[in-house]
Amino acid sequence: MTAPGPGPESGFESGSEPGPGRRPGRVHRFRSARRVPAALTALVVLGVAGLFLYDLAAVRAGRPAMSWRGDLADRLATHTPADLGVRLIAGALVLAGAVLLLLALAPGLRRILPMRTPDRRPGVRAGLGRKDAAQILRDRAMEVSGVRSVRVKVGRSRVGVRATSHFRELDDVRADLDAVLTVGIEELGLAHPPQPRVRVRR
């Protein structure tokens, strides 16, 4: 699953990869473009700024100010930072700013796991979706003798596996699953292979 530049949605992203003969560097997670949140935030800021600008221009032209701006000025003149309402509004604004800052700094695209690129071609990155990885590991686990059903959940550092066995000893089934999943995870070619956590019940 390695091809140049179709974009993050398909599991690939252009970037800087070490060339042949160089030591492989750290493989970073895929980052989301976040076009929708950025566009919505920009539209809100643009609308509020445009409204204030229009009102100021109207006042400069000799027209009366909008009633809401007069009410806002009166409220700001009569309320102090010690008031409960002012503190609640300030806390909400701080919380919204912290959420936006967190969204800006977090990589995003958690559903794509970065993969190793053996050829080290510049400008090429590979990724594998978590659901696809879970389906592959589930198919491998179903090949184990004694396994009736399997549920697999792939995370960044763990692969949670819950299997149901209808015959054989549970310890034997768990040992076979551990061996099969270890090989299967290695064959996925992930940059940071997660560790399997297997639970087997009758």
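A residue counts as buried under 20% relative accessible area, as exposed over 50%, and as partly exposed in between (1.4 Å probe, protein chains only). The model is a predicted one, where local features need pLDDT of at least 70, side-chain atom pairs count only at pLDDT 80 or more, and totals for chains, interfaces and linings use all residues. Residues are numbered from 1 along each chain as its sequence is written, and side-chain values use heavy atoms, with hydrogens and water left out.

Asp-171 has a partner: it forms a salt bridge (a side-chain nitrogen of Lys or Arg within 4 Å of a carboxyl oxygen of Asp or Glu) with Arg-174, the closest N and O atoms being 3.0 Å apart. The two sit 3 residues apart in helix 5, so about one helical turn separates them. Helices here are DSSP runs of H or I with at least four residues, strands are runs of E with at least two, and both are numbered from the N terminus. Arg-174 is partly exposed, at 25%.

The whole structure turns up 3 salt bridges. In another of them, Glu-187 pairs with Arg-140, with 2.7 Å between the closest N and O atoms. Glu-187 belongs to helix 5 and Arg-140 to helix 4, so this pair ties together parts that are 47 residues apart in sequence. Glu-187 is exposed at 57% relative accessibility, while Arg-140, at 23%, is partly exposed. Arg-168 and Asp-176 also form a salt bridge, their closest N and O atoms being 2.8 Å apart.

Next comes the nonpolar core, meaning a set of buried Ala, Val, Leu, Ile, Met, Phe, Trp, Tyr and Cys residues joined through side-chain atoms within 4.5 Å. The largest one has 24 residues, and those touching the most other members are Leu-137, Val-150, Val-152, Val-154, Val-159, Val-161 and Leu-177. Among the elements that each supply at least two residues of this core are helix 4 (130-142), strand 3 (147-154) and helix 5 (170-187). Leaving aside neighbours within four places in sequence, Val-150 is in contact (heavy atoms within 4.5 Å) with residues including Ala-141, Met-142 and Val-161.

Elsewhere, helix 1 (residues 35-60) meets helix 2 (residues 67-78) through Leu-51, Phe-52, Asp-55, Leu-56 and Val-59 on one side and Trp-68, Arg-69 and Leu-72 on the other.

How values were computed: Axes fitted to C-alpha atoms, helices over the stretch in contact; angles between N-to-C directions.
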